[in-house]
Amino acid sequence: MKFEEALQAMREGKKVKRKNYNCCFFLENNQIFVIYQYCFKDKHIEIKEHFWLDEIMAEDWEIIDVAEN
């Protein structure tokens with residue numbers, strides 16, 4: 001899906017991702033954030049940062065199934 005559709009899904013409270021990416025994107029306080037999830041030495045680590053503008057032109061967005069979270 002295109003970014004416009006992904007943005008609409010985020011406005012509806014859903015998380016989205018890019019195909020083959022190991023992170024999810026979501027909307028919080030009118031800002032788009034990215035969360036990376038890693039496992040390091042048996043610890044689950046989440047890193048939250050802001051959205052990259054070049055992601056807007058991508059067409060490989062998909063909604064993350066609630067069961068995946």
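Tutor: Start with Gln37. Leaving out residues up to four places away in sequence, Gln37 touches Asn22, His44, Ile45 and Glu46. Gln37 sits in strand S3. Its relative accessible area is 36%, so Gln37 is partly exposed. Cys23 is 14 residues away along the chain, yet the C-alpha atoms of Gln37 and Cys23 are separated by 6.5 Å.

A word of care before going on. This is a predicted model. The protein chain has an average pLDDT of 83, and 93% of the residues score at least 70. Where pLDDT is low, predicted coordinates should not be read in detail.

Now follow Ile45, one of the contacts of Gln37. Together with Phe40 and Ile47, Ile45 makes a nonpolar surface patch of about 260 Å². Ile47 belongs to strand S4, which covers residues 43–50. With 38% relative accessibility, Ile47 counts as partly exposed.

Next, look inside. In soluble globular proteins, nonpolar side chains tend to be buried together. Here the largest nonpolar core has 14 residues, and those that touch the most other members are Phe3, Met10, Val16, Phe25, Ile32, Phe51 and Trp61. Helix H1 (3–11), strand S2 (23–28) and strand S3 (31–40) each supply at least two residues of this core. H1 gives the most, with five. Take Phe3 as an example. Beyond its neighbours within four places in sequence, Phe3 is in contact with Met10, Ile32, Phe51, Ile56, Ala58 and Trp61. Another core, of five residues, lies apart from this one, and its members include Cys24, Phe26, Phe33 and Ile64.

Lys17 brings in the charged side chains. Lys17 is in strand S1, residues 16–18. At 15% relative accessibility, Lys17 counts as buried, because buried means under 20%. Leaving out residues up to four places away in sequence, Lys17 touches Cys23, Cys24, Phe25, Asp60, Trp61, Glu62 and Ile64. Side chains of opposite charge can pair when their charged atoms come close. Lys17 and Glu62 do this: their side chains meet in a salt bridge, at 3.4 Å from N to O. Glu62 lies in strand S5 (residues 61–63) and Lys17 in strand S1, so the pair ties together parts that are 45 residues apart in sequence. Glu62 is partly exposed, at 30% relative accessibility.

The count of salt bridges comes to five. Another one joins the side chains of Glu55 and Arg18, at 2.2 Å from N to O. This pair also links distant parts of the chain: Arg18 is in strand S1, Glu55 is in the loop between S4 and S5, and they are 37 residues apart. Both partners are buried, with Glu55 at 5% relative accessible area and Arg18 at 12%.

Then there is the salt bridge between the side chains of Glu28 and Lys48, at 2.7 Å from N to O. Glu28 is in strand S2 and Lys48 in strand S4, so this pair ties together parts 20 residues apart in sequence. Glu28 is partly exposed, at 30% relative accessibility. Lys48 is partly exposed too, at 42%.

Methods
Residues numbered from 1 in each chain as written. Predicted model: local features only at pLDDT ≥ 70, side-chain atom pairs only at ≥ 80, totals over all residues. Heavy atoms only, no water. Patch = residues over 30% accessible without salt bridge, like charges linked within 9 Å, V, L, I, M, F, W, Y side chains within 5 Å. Areas by Shrake-Rupley, 256 points an atom, 1.4 Å probe, with all protein chains shown as cover. Salt bridge = Lys/Arg side-chain N within 4 Å of Asp/Glu carboxyl O. Helix = DSSP H or I, 4+ residues; strand = E, 2+ residues; numbered from the N terminus. Buried < 20%, exposed > 50% of the residue type's maximum accessible area, 1.4 Å probe, protein only. Contact = heavy atoms within 4.5 Å. Core = buried A, V, L, I, M, F, W, Y, C linked by side-chain atoms within 4.5 Å. pLDDT = per-residue confidence, 0-100.
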